[in-house]
Amino acid sequence: LGGGLAIGMAQLFMKLSFGADPDAEGPLASVICADVILVSVLCHFVYHEYLNAAQWGSVALVFAGLITMAGVFDGGGGTSVSPVAFSLAFAAMISFGASIFSVRVAAVGGIAASSGFIARTLILGAFSVPLLIAARWDSSSVLGILIPSSCGFMQAAGVYSINEALSAGPYTSI
């Protein structure tokens, strides 16, 4: 249940961060994508999925690159990402990480991958209903509905694949 709520919050924070600074969507996306690093480091300590020296070096380099891309240290010509947008992107990263970690927790707890996927998807769906009701549909085009819908199906396929991969063994860090 927590995983479905976490993924819903992640998507909401991501949308809000992009709305807070539309010109910085690329750097904000890089911050959000750091959830992979977060989950790898967390599983290192919680599940003893130890990273070797090269992997730790990669984590440090990716983290430094993400900070640089986010524009926290404006070193030349560009404009920094707004602090509000960065904070929202950071919250999205934490929420996405929590969702992925919940998949790992469920797999270790013996919950079937398909059961975990169904539960997370139902929670996400319930979380989305009020937002869909509140949305303005009067100026939507068919393409404007089809593209996000297809992205949602691709995301569902990705989450299902993560569920299946994590149920096969302790591969969270990978």
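Colleague: Let's start with the cysteines: is C43 buried or exposed?

Modeller: This is a predicted model, and in it C43 counts as buried because its relative accessibility is 0%, under the 20% cut-off.

Colleague: And C33, buried or exposed?

Modeller: C33 has a relative accessible area of 51%, and therefore counts as exposed, the threshold being over 50%.

Colleague: How many disulfides does the structure hold?

Modeller: The structure holds 0 disulfides; a disulfide, for reference, is a covalent bond between the sulfur atoms of two cysteines.

Colleague: Back to C43 for a moment, which other residues in α3 are buried?

Modeller: Besides C43, the buried residues in α3 are D35, I37, V39, S40 and H44.

Colleague: How far apart are the end C-alpha atoms of α3, and what span should its residues give?

Modeller: Helix α3 covers residues 35-46, and its 12 residues should span 16 Å at 1.5 Å a residue, which agrees with the end C-alpha atoms being 16 Å apart. After α3 comes H48, which has a positive phi near 55°.

Colleague: Zooming out, what is the overall make-up of the chain?

Modeller: The chain has 7 helices and 0 strands, so in sequence order the pattern reads α-α-α-α-α-α-α. Of its 174 residues, 29% count as buried, and among contacts between residues at least 6 apart in sequence, 80% join residues at least 24 apart.

Colleague: Now the packing, how do α2 and α5 cross?

Modeller: The axes of α2 (residues 25-32) and α5 (residues 83-108) come within 8 Å and cross at roughly 35°, and the crossing is right-handed.

Colleague: Which residues meet there?

Modeller: From α2, the residues are L28, V31 and I32, and they meet A85, F86, A89, F90, A92, M93 and F96 of α5. By class, the residues of this contact are 10 nonpolar, with no polar and no charged ones among them.

Colleague: I also had S99 on my list; where is S99 found, and is S99 buried or exposed?

Modeller: S99 is found in helix α5, and with a relative accessible area of 5%, under the 20% cut-off, S99 is therefore buried.

Colleague: What is S99 in contact with, leaving aside its neighbours within four places in sequence?

Modeller: With those neighbours within four places set aside, S99 is in contact with G3, A6, I7 and R120.

Terms used:
Residues numbered from 1 in each chain as written. Predicted model: local features only at pLDDT ≥ 70, side-chain atom pairs only at ≥ 80, totals over all residues. Heavy atoms only, no water. Disulfide = S-S within 2.5 Å. Buried < 20%, exposed > 50% of the residue type's maximum accessible area, 1.4 Å probe, protein only. Axes fitted to C-alpha atoms, helices over the stretch in contact; angles between N-to-C directions. Helix = DSSP H or I, 4+ residues; strand = E, 2+ residues; numbered from the N terminus. Left-handed = near helix turned anticlockwise from the far one by under 90°. Contact = heavy atoms within 4.5 Å. Nonpolar A, V, L, I, M, F, W, Y, C, P; charged D, E, K, R; others polar. Expected span 1.5 Å × (residues − 1).
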